[in-house]
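Here's a quick briefing to read alongside the sequence and the 3D view. Have a look at the structure first, then go through the notes below.

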Amino acid sequence: MEPLPGVLLVTANVGSLFDNVGEIQTGWLHEFYMTVHRHKPKFIALHFQEVGGKDYMSIESSQEMKEYNRSCVYVDNQFKAEDRFTALGSMYFIHSTLKDVYQYDFTEKFPKNFWPDFKWSRKGFMRTRWNIHNQGLDLVNVHLFHDASNLIACTASPSVYSQNRRKALGYVMDRMLVTLDSPLPFFLFGDFNFRLDTLCLVEHLSTATDVHTVNKEDSNEVEKITWEEKDNDHKVVLHIEAKQFDYLHQAIFREDNGQALLKYDKEVAAFHDVVREEEILFPPSYPYSEDYTEPTQYMSTRCPAWCDRVLMSPSAHMFLHRSGNNEDSGVIYDTLGSNVCMGDHKPVFLFFALKTSGH
Ligand SMILES: *[C@@H]1O[C@H](CO)[C@@H](O)[C@H](O)[C@H]1NC(C)=O
């Protein structure tokens, strides 16, 4: 019997690669090619967010990809249409030995007035439909709204941003499940901008501290909040501003892959009926330093979070072939380039062998 085809799904927010072309881009591509080489997938889907300009990476023409003799690239290049531009790019590569692959494409976006209270800022989703070994499936690239202010994010649980993302993801789910054509199993991977429940997390990080709130000059508006140790010379443990999140014991976010903080990652839970996800055994994928000498350092702009994810419908989850025991099932869910600067987001990938009919 033919071996099951390996599938590699990658999501990568590459916004910072276009700001710092050069060192980062070379390292990024190297990590990607190494992963392809290591797992030898028959089918590769790369979902990019924040693709800038026309000058994006020339993966298709590279020597490393020469065994993939079919590729499709979809880039939203309507840069001028600022109120609709999503900056999404999806690339698909098919290995020369993979037979019976068909593709139908259609792209979708959020309605223009979807976030009446927010600036548009390059968000949306893009769907492509595939048939591999007689099995239809949808692949959806998605980019949801971010947390504009850390201060606002920690005023309510769930935050207003989290509620917005929930509404947006609900819209995507409806499109997937209630379309005129019959719903197919789907993989939904992108930058969901999921954040930790900031209010609950801050309560956890700031036990046994005194809190100080500083307002903007001549205003009731909060400018910064600091939490200081009660003794120990009142050392500042946590300092939050709209675009600053400075935690004294930052190492906690990478220790044991941030497992102690996963309980604050709650945004997928609202969709537990309709999506599945493999267990997360990697540290938060954002916001890493863009300094290529500090590949494992988080920036103190945002609370580290698992923004970048690979989700799937329960029916798609059944396609993940599991061999061996649980520890080594052959299914891999991880970040790309954990020890290399990949920009502010580490890409996240899922590799698995695809169970199709006849297996
Ligand atoms: C890709 O390679 C395979 C195997 O050599 C070949 O059968 C197929 O026709 C090729 N497809 C394209 C589009 O070149």
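Start with Phe43: beyond four places in sequence, it is in contact with Gly6, Val7, Leu8, Tyr92, Phe93, Ile94, Leu98, Trp130, Ile132 and Leu139. Keep in mind that this is a predicted model. Phe43 is also one of the three residues, with Phe187 and Leu350, that touch the most other members of the largest nonpolar core.

**The cores**

- The largest nonpolar core counts 52 residues, and strand S16 (residues 348-354) is its top contributor, giving four of them.
- Apart from that core sits another one, made up of 26 residues, including Leu8, Ile24, Tyr68 and Phe349.
- As a bit of background, nonpolar side chains tend to be buried together in soluble globular proteins.

**Ile44, in strand S2**

- Ile44 belongs to strand S2, which covers residues 43-49.
- Buried or exposed? Ile44 counts as buried, because its relative accessibility is 0%, and the cut-off for buried is under 20%.
- Once you set aside neighbours within four places in sequence, Ile44 is in contact with Leu8, Phe32, Val36, Met65, Tyr68, Met91, Tyr92 and Phe93.
- One of those contacts, Leu8, is 36 residues away from Ile44 in sequence, yet their C-alpha atoms are 4.8 Å apart in space.

**Two buried serines**

- Ser159 is in the loop that runs between helix H3 (150-153) and helix H4 (160-177).
- With a relative accessibility of 8%, Ser159 counts as buried.
- What does the side chain of Ser159 reach? It gets to the backbone nitrogen of Ser162, at 3.0 Å.
- Ser62 is also a loop residue, placed between S2 and strand S3 (70-75).
- At 13% relative accessibility, Ser62 counts as buried too.
- Ser62 and Tyr33 are 29 residues apart along the chain, and 9.8 Å separates their C-alpha atoms.

**Helix H5 and its cover**

- Which residues of H5 (residues 198-205) are buried? They are Thr198, Leu201, Val202 and Leu205.
- Looking down the axis of H5, you'd see these buried residues fall within an arc of 100 degrees, so they line one face of the helix.

**The ligand**

- Asn69, Arg70 and Ser96 surround the ligand.
- An N or O atom in the side chain of Asn69 is 2.2 Å from an oxygen atom of the ligand.
- On its own the ligand has 370 Å² of accessible area, and the protein covers 36% of that.

**The chain as a whole**

- The chain has six helices and 16 strands.
- Of its 359 residues, 53% are buried.
- Take the contacts between residues at least 6 apart in sequence: 69% of them join residues at least 24 apart.

Note on methods:
Residues are numbered from 1 along each chain as its sequence is written. This is a predicted model: local features need pLDDT of at least 70, side-chain atom pairs count only at pLDDT 80 or more; totals for chains, interfaces and linings use all residues. Side-chain values use heavy atoms; hydrogens and water are left out. Helices (H or I, at least four residues) and strands (E, at least two) are DSSP runs, numbered from the N terminus. Buried means under 20% relative accessible area, exposed over 50%, partly exposed in between (1.4 Å probe, protein chains only). A polar contact is a pair of N or O atoms within 3.5 Å; within protein, one must be able to donate a hydrogen and the other to accept it, and residues adjacent in sequence count only if both atoms are side-chain atoms. The arc is that of the directions from the helix axis to the C-beta atoms. A residue is near a molecule or strand if one of its heavy atoms lies within 4 Å of it. Accessible areas come from the Shrake-Rupley method with a 1.4 Å probe; for residues, only the protein chains shown count as cover. Contact means heavy atoms within 4.5 Å. A nonpolar core is a set of buried Ala, Val, Leu, Ile, Met, Phe, Trp, Tyr and Cys residues joined through side-chain atoms within 4.5 Å.
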